[in-house]
Structures are given as C-alpha cells and as structure tokens.
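Visitor: Hi, I'm new to this, so please walk me through the structure in plain words.

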Amino acid sequence: MASTLPIITSRNLWKLSPLQKPVQSWVETLSQVEDKKVGFVDLHPRIFSVPPRLDILAKNTYWQQQYRKIDYRWVPTRAEMPGRNKKPWQQKGLGKARHGSRLAPQWMNGGVAHGPRGPKSYFFMEGIYQRIAGLTTALTVKFHQNDLHIVDSLDIPTENFQYMEQLINERFWGPSVLFVDETDIMPYNITAACSKIKGLTLMPTYGLNVYSMLKHNTLVLTTRSLDKLEENLLYYLNHSQFRSSPFQKKIA
C-alpha cells in the first residue's frame, strides 16, 4: 500500500536562477516519538541560504522591542499642581528673592519642568525590505544551525502533553520550540498538549517574525507553511520596486 506521507524530492521553486541550486532539508513527522524521516524537500536559496547579516537581525529585534513599548510616566507641571497660585510675598522691599508662585519648579512640592508627560509611544515602522532581509537571515541562520525542521503536519496521535515532552527530548529540540502552520486553526491534539508545556508556541505563517525565531531554540515549519512563506517572501524579493536598485542599497 502506498504511503500517504508527503515524500517530496523536488519542488517547483519560483524565480530560481539557473546559477543557483536549491538547498535540501529532511521532512519529518510528528506522528511518532522517534525521529523518522519521510522524505526530502527543496528550499529556495534566496530565503534559506543568504549571507548572514547580524546587523539586520539587530535592527529587526530592536524594532520589535520598541514598537510595542509605551512610557506611562507622568508628572504634573506648575499649572496642574493643586493649591493657590498666589504670589508668596511682595515683589520688592523685603530683601528676599523675587517669586511669583509657590507652585513653581524651584519650590519644594512645586510642579516639574520638562518632566515625562506620558503615555508616550515609541512606535515606528521599519522598512519593508529591512523586515524581509531580517526574515531571510533568521531562517538561514536557523537552517544552517540545524534548528529548523520541516514536518508533514502538526497532527499528533494524542493530546497528552507527555507525548510532546518525549518527542522534544528524543529529538533534542531544546526547551523552547516554535511551531508554524499555514493558518491559525491548529489541530486540537497539539493545541491541547502545547498549552500545558511552557516554552512551546503555536503560530500561523502570517505571524512569523524575527524576534520569535530568535527567542525559541527550534523552529518547526509544516510543508504548507513553507509553501506560503516562500510565496510571500519571493513576491517582495522579486517586486519591481526591489529589482530597480541593488539589494544592498535598499537595506544599508
């Protein structure tokens, strides 16, 4: 009886240059604890075999840490202080320094000048080609460090979390694993099992980002998410605006 597992030997890689050769990776399965290989899959070299740019990873990580940051610190100015804004004494004749209000910043319990006026958002949008270069660099680093694994699907035979613990320990995937599927509707068994184990994350393809890939020890992609990921990245890598000027100038 023929196997229903996706034994893949080649794929039609879009926009593959005749001078480039695809890189290959094993296709694994989660249906058993043992590390069983069910085939090969070709990966596009423009996504999984690019020169590593650590500066691009640093820029993407900084952007993701900053755009969700909000500074809630707030201090009142002299106009917002409670109390009477009365002149403490007359302007001249007493030999004292001239003051117009006890709520001024130089007085104790007075207002604050140039203090934080939150909430302040640090949101900014990184350039599209900076983000694409960050994704391709992170995927390349994960692949060449043997921390990227391709699986046929996220279906597991049971919802028991001990099955996932045994599988991860058997394959030496580390304490944190990021599972990526094509959509955000995940199989029930793996959803129930991962919800009870700290460090396991389920994510759809459209949510894949540099910070999450670097945060987790192992990245696991399904074959469907691989197709979707390559389709989206290659679209922007071959966009007319991108082809109009060299890549290095776009991300410098």
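Predicted model: local features only at pLDDT ≥ 70, side-chain atom pairs only at ≥ 80, totals over all residues.

Visitor: Let's start with Glu28: is Glu28 buried or exposed?
Guide: Glu28 is buried, as its relative accessible area is 3%. Buried means under 20% relative accessible area, exposed means over 50%, and partly exposed is in between (1.4 Å probe, protein chains only).

Visitor: Okay, back to Glu28. What does its side chain meet in a salt bridge?
Guide: Arg171, with 3.3 Å from N to O. The pair ties together parts that are 143 residues apart in sequence, because Glu28 lies in strand E1 (residues 23-28) and Arg171 in helix H4 (residues 161-171). Helices (H or I, at least four residues) and strands (E, at least two) are DSSP runs, numbered from the N terminus. A salt bridge is a side-chain nitrogen of Lys or Arg within 4 Å of a carboxyl oxygen of Asp or Glu.

Visitor: And Arg171, buried or exposed?
Guide: Arg171 counts as buried too, at 7% relative accessibility.

Visitor: How many salt bridges are there in the whole structure?
Guide: A search finds eight. One of them joins Lys37 and Asp35, whose closest N and O atoms are 3.2 Å apart. Lys37 is partly exposed at 33%, and Asp35 is partly exposed at 38%.

Visitor: Which residue pairs with Asp181?
Guide: Arg224, with the closest N and O atoms 3.4 Å apart. Asp181 is buried at 2%, whereas Arg224 is partly exposed at 47%.

Visitor: Which residues do shared partners join into one network?
Guide: Glu28, Asp35, Lys37 and Arg171, through salt bridges that share partners.

Visitor: New topic: helices. At what angle do H3 and H7 pack?
Guide: Helix H3 (residues 128-144) and H7 pack at about 135°, with their axes 11 Å apart. Axes are lines fitted to C-alpha atoms, for helices over the stretch in contact, and angles run from 0 to 180 degrees between N-to-C directions.

Visitor: What do you call that arrangement of H3 and H7?
Guide: H3 and H7 are oblique to each other. Angles under 35 degrees count as roughly parallel, over 145 as roughly antiparallel, 65 to 115 as roughly perpendicular and the rest as oblique.

Visitor: Which residues make the contact?
Guide: H3 brings Ile128, Tyr129, Ile132, Leu135, Thr136 and Leu139, and H7 brings Leu229, Leu233, Tyr236 and Leu237. Contact means heavy atoms within 4.5 Å.

Visitor: Last one: what's up with the peptide bond from Gly118 to Pro119?
Guide: That peptide bond is cis, with omega near 0°. Pro119 is in the loop between strand E3 (70-71) and strand E4 (120-121). Asn109 is found in the loop between E3 and E4 as well, and it has a positive phi of about 65° although it is not a glycine. Asn109 is exposed, at 68%.

How values were computed
Residues numbered from 1 in each chain as written. Heavy atoms only, no water.
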